[in-house]
Amino acid sequence: MPESLSSPSSRLWFTSDHHFGHDNIRSHCQRPFDSTEEMNEAMIDRWNACVAPGDTVYHLGDLF
């Protein structure tokens, strides 16, 4: 088992379909941002608030 999965302080995350840089997703999914840049910055801030060094993240969806 990888060390990051065996550490008691690490966490395992699964995610998908962030749609970074996708301007139309703001209206299509009613995301509350005035610009794509604002949306991207908010997603990065929220990611950094949750995901810590040593955590393992599996990204299982659209990457772009």
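The model is a predicted one.

We begin with the aromatic rings. A pair of aromatic rings is described by the distance of the centres and the angle of the planes. In this structure the count comes to one aromatic pair. Its members are Phe-14 and Tyr-58, whose ring centres are 5.4 Å apart. Their planes meet at 15°, and planes under 30 degrees apart count as stacked, so this pair is stacked.

Where do Phe-14 and Tyr-58 sit in the chain? Phe-14 belongs to strand β1, which covers residues 12-15, and Tyr-58 belongs to strand β2, which covers residues 56-59.

Phe-14 has a relative accessible area of 53%, and exposed means over 50%, so Phe-14 is exposed. Tyr-58 has 38% relative accessibility, which makes this residue partly exposed.

Both residues also take part in a nonpolar patch on the surface. The patch is made by Leu-12, Phe-14, Tyr-58 and Leu-60, and its area is about 440 Å². Leu-60 is found in the segment after β2. With a relative accessible area of 59%, Leu-60 is exposed.

We now turn to charged side chains. Side chains of opposite charge can pair when their charged atoms come close. How many salt bridges does a search of the whole structure find? The search finds two.

One of the salt bridges joins the side chains of Arg-11 and Asp-55, with 3.7 Å from N to O. Arg-11 lies in the loop between α1 (3-6) and β1, while Asp-55 lies in the loop between α3 (36-50) and β2. Are the two partners buried or exposed, or partly exposed? Arg-11 has 40% relative accessibility and counts as partly exposed. Asp-55 has 14%, and buried means under 20%, so Asp-55 counts as buried.

Another salt bridge is formed by Arg-26 with Asp-23, and here the closest N and O atoms are 2.8 Å apart. Arg-26 counts as buried, because its relative accessibility is 18%. Asp-23, with a relative accessible area of 38%, is partly exposed.

Notes
Residues numbered from 1 in each chain as written. Predicted model: local features only at pLDDT ≥ 70, side-chain atom pairs only at ≥ 80, totals over all residues. Heavy atoms only, no water. Phe/Tyr/Trp six-rings, centres within 6.5 Å; stacked < 30°, edge-to-face > 60°. Helix = DSSP H or I, 4+ residues; strand = E, 2+ residues; numbered from the N terminus. Buried < 20%, exposed > 50% of the residue type's maximum accessible area, 1.4 Å probe, protein only. Patch = residues over 30% accessible without salt bridge, like charges linked within 9 Å, V, L, I, M, F, W, Y side chains within 5 Å. Areas by Shrake-Rupley, 256 points an atom, 1.4 Å probe, with all protein chains shown as cover. Salt bridge = Lys/Arg side-chain N within 4 Å of Asp/Glu carboxyl O.
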